[in-house]
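This briefing covers helix packing and aromatic pairs. Please keep the structure open while reading.

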Amino acid sequence: MKAVRLLEYGGELEFNDVPTPTIARDEVLVKIKSTAVNHLDLVKASGKVRQILPIDLPWIPGHEFSGVVEQIGSDVAGYAPGDAVIGANGTGGAYAEYLPVRPAVIARKPSTLSFEEAASVPVAAQTAWEGIFTHGHLEKGQTILIHGGAGAVGAYAVQLASHAGATVIVTASSDDEAYLNSIGASQVIDYREAQFEKVLREKVDVVFDLIGGDTQKRSFLVLKEGGHLVSATQPVSQEETAKYHVSGEMMRLAPSGDVLGKIAKLLEEGTIRPDVATVYALQDAAQAWKDIAGNLPGVHGVSPSGPGAERRRPHGKIVLRVA
Ligand SMILES: NC(=O)c1ccc[n+]([C@@H]2O[C@H](COP(=O)([O-])OP(=O)(O)OC[C@H]3O[C@@H](n4cnc5c(N)ncnc54)[C@H](OP(=O)(O)O)[C@@H]3O)[C@@H](O)[C@H]2O)c1
């Protein structure tokens, strides 16, 4: 099969022929239609996190996908060849024509979405779901502050929290204000112009932190006692949580077909929607990485556009069309 591979940490991606994988009795083989690019792909490939997130080289990146079940293992029930599915895993491998996965991490593809749209869903939407509900315990009538609300994860968090009956406040660029209002945000605080802790009139029940650093530190000032600070980016200081009488934790996505199935239902009925910025062909994955790395100085050894050349990216995911 054709696949995109990384041969060494920090190296260029290569598009070439590799053996088609076989499946175990408890796996399904998915013929990948599309996959999507995540920061995690680039960060793992850079080698900077090899102690905590090692990869086996050569490595096929890609933690999420849409596709069609090609073959099922003898122990698998609930799926059959020909089923259109979406899924995510923690190990990668989706920048390829075929991927073996456990049925526990897939769900049926919403029929209303194209394969390109569907591939953009699993990582961002499940991270948002688990961040705000599983770890943040967000309930109807509460208020949530989402840092980085216009990003891939943030946009799902805004939609899911709003659908759950919460008041949604986000930090983002003012360019994204109309977009964020259209998907359920009631207040958008421009992080370039204002400090959220000075703008907020009342404290919030949950903070979902997709930014980290100083943004996370200042979040303690706006959390109600007993509130939850959930970060997808970095560990949360337990000294600070004790000082402010709140809970705080860093989450890591735990791919779940059950959660993904609930998300797929909301997508199918049009309650939430995906956001695709750009679609590349699989063989252009190296270019897609260069484009995304322009927003991530220092990652994967690719320089940003130039000193002072801060550029705004369109919101939405970068998708790779495989077939
Ligand atoms: N723990 C996990 O399991 C997990 C899973 C998925 C993702 N993540 C992490 O979660 C983070 C978000 O991922 P993503 O895919 O949503 O990223 P993304 O699509 O790149 O979005 C980042 C967003 O943050 C905005 N932003 C930048 N600086 C900001 C600030 N100081 N305050 C508020 N907004 C700011 C950006 O806006 P501009 O365009 O205006 O700069 C952009 O809209 C990443 O660090 C990713 O690695 C973790």
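**Helix α3 against helix α4**

In this predicted model, helix α3 (residues 122–135) packs against helix α4 (residues 152–163) at an angle of about 55 degrees. Their axes lie 8 Å apart.

- That angle makes α3 oblique to α4.
- The crossing of α3 past α4 is right-handed.
- From α3, the contact is made by A124, A125, T127, A128, W129, I132 and F133.
- From α4, the contributors are A152, V153, Y156, A157, L160 and A161.
- By type, the residues of the α3–α4 contact divide into 12 nonpolar and one polar, with no charged residue.

**Aromatic pairs**

The structure holds three aromatic pairs. Two of them are described here, starting with W129 and F133.

- The ring centres of W129 and F133 are 5.1 Å apart.
- Their planes stand at 75 degrees, so the pair is edge-to-face.
- Both residues belong to helix α3, and because they are four residues apart, about one helical turn separates them.
- W129 also takes part in the contact with α4, as does F133.
- W129 counts as buried, because its relative accessibility is 16%, below the 20% cut-off.

The other pair joins F220 and Y244.

- F220 and Y244 are stacked, at 5.6 Å centre to centre with 20 degrees between the planes.
- The pair links distant parts of the chain, with its members 24 residues apart.
- F220 sits in the loop between α7 (213–219) and β12 (223–231).
- Y244 belongs to helix α8 (residues 238–244).
- Y244 counts as partly exposed, at 23% relative accessibility.

**Helix α1 against helix α10**

Helix α1 (residues 39–46) and helix α10 (residues 285–293) also pack together.

- The angle between α1 and α10 is about 95 degrees, and their axes are 11 Å apart.
- The two helices are therefore roughly perpendicular to each other, since that class runs from 65 to 115 degrees.
- α1 brings H39, D41, L42 and A45 to the contact.
- α10 brings W289, I292 and A293.
- The residues of the α1–α10 contact divide into five nonpolar, one polar and one charged.

Note on methods:
Residues numbered from 1 in each chain as written. Predicted model: local features only at pLDDT ≥ 70, side-chain atom pairs only at ≥ 80, totals over all residues. Heavy atoms only, no water. Axes fitted to C-alpha atoms, helices over the stretch in contact; angles between N-to-C directions. Parallel < 35°, antiparallel > 145°, perpendicular 65-115°, else oblique. Left-handed = near helix turned anticlockwise from the far one by under 90°. Contact = heavy atoms within 4.5 Å. Nonpolar A, V, L, I, M, F, W, Y, C, P; charged D, E, K, R; others polar. Phe/Tyr/Trp six-rings, centres within 6.5 Å; stacked < 30°, edge-to-face > 60°. Buried < 20%, exposed > 50% of the residue type's maximum accessible area, 1.4 Å probe, protein only.
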